[in-house]
Amino acid sequence: MWKPRLIEDARMKYLGIVEALEADIRLGRVSRGDRLPPQRAIAEALDVDLTTVTRAFNEARRRGLVQAQAGRGTFISETLDSEVRELVRPLIDLSMNIPPQPIDFRKAIPSGVAAVLSSARGLLNLHYQESTGAEPDRQAAAGWLGRRIEGVAADRIVVTGGAQSALFAVCDLLLKRGDVVAAGTMTYPGMKAVAIQKGLTIEPLDMDDQGIIPAAFERACRERAPKALYVIPSIDNPTTATLPEDRRGALVTTARKHGVAIIEDDPYSPLRPDRLVSFAELSSDITWHIATLSKCATPALRVAYVVAPTSAKALLLAGVLRATILMAPPLMSALASRWIADGALDDIAKAIRAENAERQKLATSILGGVGFAADPHGHHLWMRLPGHWRAVDFAEHADRAGVSIVPSSAFATVAHPVEAVRISLGVAPDRGDLEDALTQLASLITQPSLGARAVV
């Protein structure tokens, strides 16, 4: 077992621990597969705080020097070579906004697919299908969506290969190069990517802690004549804001007044225990509602549903999909339908919601002194930074410490965005790794010297 020590002249204490470990490996004082002492024991031996040791372990893992084995501890890596040590991928990824996986999809997906294929008409799910989606899948979607969109019919639904392809197809159908789309000053990067590909202009709308401000949309309609409004109504990405019903009504009134289509991108509503009226209910004739399973189940399904204003417009959207992705993945679509029918999808969403709540509590216990916006049932948070930090610099320093997060510039539709970062809590494999990552961020944010050097 390694005897803890640190190199005194290292730039930072945690780096002194890492450099001492690396030197001992090179000198043969420890060998591949040797076990490291527990972090707390190292902290006591070196008279440093536990956070310093945690950062050292993270950096050592990032360099490929050590490997953690669940339930057993941390060991010297079995594959020590220059290639491994040059790896710069962050140890803990808090940048991808995916849900935690509280159920074992390694079992759930194979068993579900096997059940689909073994059904009477199961092999039809290996064939080409209509670009609208198979009729049983549209019917299943209507049943699932009908709980939050009253009166939705299957002939208005198109099954697509994920929300991003759906968003591109809707924009391709409704908008042409040079058109203006209104969206919040912070918005989903996927919408920004579509705008770049399509040559669209995003008109930024002022936001507060409740989301888009209706007066800003009214002003944009008068001055910029947008053709569409893009909105994430619940647990906004990245700000976590949920639009209250009075704001939803005000936005609809303005959209009708100025002839603006509404693109309602709504991946997070299934995670909320309370039901809010959707734009698709308030204004079904002008709203294109996108509902993906990526946030309430798993991105691996690649299934999303679009509710078009009419059945005729659903067919027009299917025509765009036919020219791009042809069809949603039939086998995954059938699996989603099965999970809807037998209640498994609801059970998965409830499990994700519960795990999100626990991870949000953990984040509050570690980052509560910093202050951030969050929905207790969502799997990301939005943290505004103190004055000595710029978001891009904070994200860069976090990456060096082994934690990947996303700065506000990735979401901004304005030139000078607020200095903030999105921290996604779901992708960490367990709460222990998440705690390590959040502890790193909490330690980093209190170090004004790093921010002061960055802000020049």
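1. The crossing of helices α6 and α13 is left-handed, a term that applies if the near helix is turned anticlockwise from the far one by less than a right angle, with clockwise giving right-handed. Helix labels here refer to DSSP runs of H or I with at least four residues, and strand labels to runs of E with at least two, numbered from the N terminus. This is a predicted model, in which local features need pLDDT of at least 70 and side-chain atom pairs count only at pLDDT 80 or more, while totals for chains, interfaces and linings use all residues. Residues are numbered from 1 along each chain as its sequence is written, and side-chain values use heavy atoms, with hydrogens and water left out.

2. Angles under 35 degrees count as roughly parallel, over 145 as roughly antiparallel, 65 to 115 as roughly perpendicular and the rest as oblique. The axes are lines fitted to C-alpha atoms, for helices over the stretch in contact, and the angles run from 0 to 180 degrees between N-to-C directions.

3. From α6, the residues P136, D137, A140, A141 and W144 meet S333, A334, S337 and I340 of α13, where contact means heavy atoms within 4.5 Å. By class, this contact comprises 6 nonpolar, 2 polar and 1 charged residues. Ala, Val, Leu, Ile, Met, Phe, Trp, Tyr, Cys and Pro count as nonpolar, Asp, Glu, Lys and Arg as charged, and the others, Gly among them, as polar.

4. Helix α13 also packs with helix α5 (residues 105-118): the axes come within 9 Å and cross at roughly 100°. Helix α5 is thus roughly perpendicular to α13. The residues of the contact of α5 with α13 divide into 12 nonpolar, 1 polar and 1 charged.

5. The structure holds 25 salt bridges, each being a side-chain nitrogen of Lys or Arg within 4 Å of a carboxyl oxygen of Asp or Glu. One of them joins R5 and D24, with the closest N and O atoms 2.9 Å apart. This pair links distant parts of the chain, as R5 lies in the segment before α1 (13-26) and D24 in helix α1, 19 residues apart. R5 counts as partly exposed at 28% relative accessibility, whereas D24 is buried at 3%; buried means under 20% relative accessible area, exposed over 50% and partly exposed in between, with a 1.4 Å probe and protein chains only.

6. A further salt bridge pairs E59 with R62 at 2.9 Å, N to O. Both residues belong to helix α3 (residues 50-62) and stand 3 residues apart, about one turn of the helix. E59 and R62 are both buried.

7. R147 and D346 form a salt bridge in which the closest N and O atoms are 2.7 Å apart. The pair connects distant parts of the chain: R147 is in the loop between α6 and β4 (157-160), and D346 is in helix α14 (residues 344-367), 199 residues apart. R147 is partly exposed, with a relative accessible area of 46%, and D346 is partly exposed at 24%. Elsewhere, salt bridges that share partners join E22, E59, R62 and R63 into one network.
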